[in-house]
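The tour moves from one stop to the next.

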Number of protein chains: 2
Amino acid sequence: MATIRDVAAAAGVSVSTASRVIAGNPATSPASRAQVTAAVKALDFRPNTQAQSLRSTRTNSLGLLVSDVRNPFFADLAHAAEQAGLDAGYVTLLGNANERVDQQDRYLNTLIQRRVDGILLTPHGDGSGAIADIVRRGIPTVFVDRTVDGVDVPTVTTDSNKGIQQAVQHLSSMGHTRIGFISGPQSTSTGRERWAAYTNALAMSSLAADVELVYFGDYQTASGAAGMQKLMNLQTPPTAVIAADSLMAMGAISCVHEMKLKIGRDVALIAFDDIEMFTLLDPSLTVVSNNVHEMGKLAVGLLIDVIGGRNPQSIVLPSELIIRSSTSSAEQAGSIITRGH
Amino acid sequence: MATIRDVAAAAGVSVSTASRVIAGNPATSPASRAQVTAAVKALDFRPNTQAQSLRSTRTNSLGLLVSDVRNPFFADLAHAAEQAGLDAGYVTLLGNANERVDQQDRYLNTLIQRRVDGILLTPHGDGSGAIADIVRRGIPTVFVDRTVDGVDVPTVTTDSNKGIQQAVQHLSSMGHTRIGFISGPQSTSTGRERWAAYTNALAMSSLAADVELVYFGDYQTASGAAGMQKLMNLQTPPTAVIAADSLMAMGAISCVHEMKLKIGRDVALIAFDDIEMFTLLDPSLTVVSNNVHEMGKLAVGLLIDVIGGRNPQSIVLPSELIIRSSTSSAEQAGSIITRGH
DNA sequence: CTGAAAGCGCTTACAG
DNA sequence: CTGAAAGCGCTTACAG
């Protein structure tokens, strides 16, 4: 591979001058600019990023560590962040924590060693381990979607209160009084927040809270199926269920299918995240949606602010209910469930 | 941040010795090993990867450039490759080409500049541009899922012939004679191969080929919807349709729903890729499946071989038909479609 | 087993 | 506007 030394030689200038031309430094003569540009082209020269950043301590790269690439929500988030990063001149190195703290920490270490300029993270765990490291080292970091108590970095999150409140109201207005909840893990802020929002919303709609109606999953498909099964096998099963993420909603649906029941008719379902495929299901799914694209874009913006030494405010985006066909009337659902058993 | 110089000083040894201990070089005394290990711990030292790889010309990183992260097939592929890479000591930098040649080339350049040890790519285009660059420079590269004519790098692909043949046979055995095909773009090898396989399979089942029944999409959702619409609006619409990837299948389904028709009853559908969500649809989708996990794992294995200077053979994996509920009898489908119009 | 020295490919004050 | 020189943080022959 050609080095800048080769370019300088071919252009008949010093390495310094070649470097300046390549970097776009205005302190260069038109003549050397032409010479160097031609040499770069002729030799197909690509600066070695390792060497550049070793010297300049910038890498023009961002690390994005998501909880689970296979979750459509995070795939969309990754896509949005990557595009926003690219527009700002950053390349985004994507990592996948697989909803596991150990894998998150491993990737975080890798990103530290590669000296990424900043890290975008959907954090998992209690903020010890690698998260404590990056904060202590002062590596520019922004949390997205999730937060960690006691860790003071800017965040971009969604306030699910409004969406969940609308969801419970909507179900209540259709006569549902027993609303199940398949919760996310309590080791994540979203898991805790959504559960609390559900509990609050029940109270606001004057519905009794029944601990039996809450199942704690882990944001993965299998736990959604297990949760739905447990709920439907209760003495008095719920007539409606809210699932706290898309993957668990998918699991819940598969469980309902296996029981030879039908979503919307036998049990109403509200999912989280506005996944394209949810509109294709029969019935299409009512969802609490958040603007994932905006989230990714804003998070990259905040991170660039932090990298630039600024101290940006955290951002909280609203959520909202999108009503589709999976939420039917309780009378209907109740009667059929009764028949079903 | 602590450097190796700090570690050496704290341990009371030379930088060379510190480096050797850290690298696990056996030519070190137990005493200095203990000293250095303690110093590393005390200072929380992390070697600077930039500097390491600048010197050793290895980066222990792999670049993985997929066509579209939001496509579940590629998300699964990324996940599989990343895990396999991690197991072999590599960190995988994931990039997203968005099914666009220009974005692919941009990322490829970035990966070259970062001196990744090898590149895993689902290639797009004709092999000019950045792909020609990486081949010319001899950067270890493996193509996965797709190939590029005239570019001689090891590949891991799926032979879709068998799966498509089974699909057509299956449909034919159920009485379907007009089988539509929503094809991938002809700028990809899979797009060309699957179309050819479809044409062949028709002949093998003694079905007439009708150019009207083929629509050329771009592997994205919208084109699947457009394709289905075109097919269903034909004078004599098909009674069954095969969609060449999961996203286009999703688009096709949404189009059918909008027409107030039902998959399986009004038109049979076979999709590509065994996406979890396809099992949840009503009716569940018959698919031509390939083992994406195996693909990702094998591709990483080949890439590591190439990096190691070996010259591995390309691998072709089989595809197979998984029959579910979206493929009904033609009599039924035909009659209802006739009624529907 | 150990240390001094050179060098990976760049950038950046410094002096002119 | 330009060049010589130092140095970013490591690794690796080399000599002992």
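Which helix supplies the largest share of the surface near DNA strand D? Select H4(B): five residues of that surface come from there. Near means that a heavy atom of the residue lies within 4 Å of the strand.

This is a predicted model: local features need pLDDT of at least 70, side-chain atom pairs count only at pLDDT 80 or more, and totals for chains, interfaces and linings use all residues. Residues are numbered from 1 along each chain as its sequence is written, chains are lettered from A and ligands numbered from 1 in the order in which they are written, and side-chain values use heavy atoms, without hydrogens and water.

Now show the 27 residues around DNA strand D. Among those that come nearest are A:Thr17, A:Arg20 and B:Arg55.

**Phosphate contacts**

Look for polar contacts (pairs of N or O atoms within 3.5 Å). Select B:Ser19: a polar side-chain atom sits 2.6 Å from a phosphate oxygen of DNA strand D. For B:Gln52, it is 3.2 Å.

**The phenylalanines**

Go to A:Phe73 next. At 4% relative accessibility, A:Phe73 is buried (under 20% relative accessible area, 1.4 Å probe, protein chains only). A:Phe74 is buried too, at 3%. In chain B, both B:Phe73 and B:Phe74 are buried.

Conventions: Buried means under 20% relative accessible area, exposed over 50%, partly exposed in between (1.4 Å probe, protein chains only). A polar contact is a pair of N or O atoms within 3.5 Å; within protein, one must be able to donate a hydrogen and the other to accept it, and residues adjacent in sequence count only if both atoms are side-chain atoms. Helices (H or I, at least four residues) and strands (E, at least two) are DSSP runs, numbered from the N terminus.
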